[in-house]
Amino acid sequence: MSQTNDLLTAQIGHEFTASQQYTAFAVWFDAQALPRMAARFYSQSLEERNHAMMIVQYLMDRGVDVRVPAIPALEPVPESVTEILKFAVEQEEAVTRQFEQIVTATRVDQDYLAEQFTHWFLKEQVEEVSSMSTLLQVAVRCGDNLMLLEDYLAREPGESSGDPGAPRAAGGAVGILA
Ligand SMILES: [Fe+2]
Ligand SMILES: [Fe+2]
């Protein structure tokens, strides 16, 4: 397999890992009676799952023998809202670097179809890092008064989910409710 296809295959695993991590965070928020934070992370988890399945669909379309990788054990959930959000911001920044590496590989491999496919994810990462950083900034400002954070989320709509330019997800994208 080309380096591009190797990295894209690994990225399926990274997206599923992010999905699972966000599910763990959502459950923690839910258990802490923070329903808006929980809803945000349940839907973020589905988005990451959809990202993984977009890469699966792309590789199938290109005739690559797709392997769905195993995911590593999750990091323990940090015991505070701001620590969780810091983790999430760092994770999104790491994913951005992963996609930058994939684009570099597509250029080395002269795989222009893969490069074009990857561009959507670069745009998506700008949004994801930005929205997660904003949430962290607001959470820091709210301090111990987490109800202010819940009010903020009730007031401010999340990122819109239905991007008509999004790549097709294998089996269909899972609907995002919140
Ligand atoms: Fe993602
Ligand atoms: Fe993400």
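Student: Helices are DSSP runs of H or I with at least four residues, numbered from the N terminus. On that basis, which residue follows α2, and what is its phi?

Tutor: This is a predicted model. In it, Gly-63 follows α2, with a positive phi near 75 degrees.

Student: And just after α4, which residue takes a positive phi?

Tutor: That is Gly-143, with a phi of about 60 degrees.

Student: Stepping back, how many helices and strands does the chain have?

Tutor: The chain has 5 helices and 0 strands. Its pattern along the sequence is therefore α-α-α-α-α.

Student: What are the spans of the chain along its principal axes?

Tutor: The C-alpha trace covers about 50 × 35 × 25 Å along those axes.

Student: What share of the residues is buried?

Tutor: Buried residues account for 35% of the 178. As for contacts between residues at least 6 apart in sequence, 78% of them link residues at least 24 apart.

Student: Back to α2. How many of its residues are buried?

Tutor: Of its 27 residues, 20 are buried, so α2 is largely enclosed by the rest of the structure. From first C-alpha to last, α2 reaches 39 Å, close to the 39 Å expected at 1.5 Å a residue.

Student: At what angle do the axes of α2 and α5 cross?

Tutor: The axis of α2 (residues 35–61) crosses that of α5 (residues 146–155) at roughly 55 degrees, and the two come within 8 Å. That makes α2 oblique to α5.

Student: Which residues meet there?

Tutor: From α2, Arg-36, Met-37 and Arg-40 meet Leu-149, Glu-150, Leu-153 and Ala-154 of α5. By class, this contact has 4 nonpolar and 3 charged residues, with no polar ones.

Student: Now α4: how far apart are its end C-alpha atoms?

Tutor: They are 46 Å apart, which agrees with the 45 Å that the 31 residues of α4 (residues 112–142) should span at 1.5 Å a residue.

Student: Which residues in α4 are buried?

Tutor: They are Ala-114, Phe-117, Thr-118, Phe-121, Glu-124, Glu-128, Met-132, Leu-135 and Ala-139. As a general point on such spacing, an α-helix has 3.6 residues a turn, so residues three or four places apart point the same way.

Student: What covers the buried residues of α4?

Tutor: The cover includes α1 (3–31), α2, α3 (81–109) and α5.

Methods. Residues numbered from 1 in each chain as written. Chains lettered and ligands numbered in written order. Predicted model: local features only at pLDDT ≥ 70, side-chain atom pairs only at ≥ 80, totals over all residues. Axes fitted to C-alpha atoms, helices over the stretch in contact; angles between N-to-C directions. Parallel < 35°, antiparallel > 145°, perpendicular 65-115°, else oblique. Contact = placed C-beta atoms within 7 Å. Nonpolar A, V, L, I, M, F, W, Y, C, P; charged D, E, K, R; others polar. Expected span 1.5 Å × (residues − 1). Buried ≥ 20, exposed ≤ 12 C-beta atoms within 10 Å, placed from the backbone.
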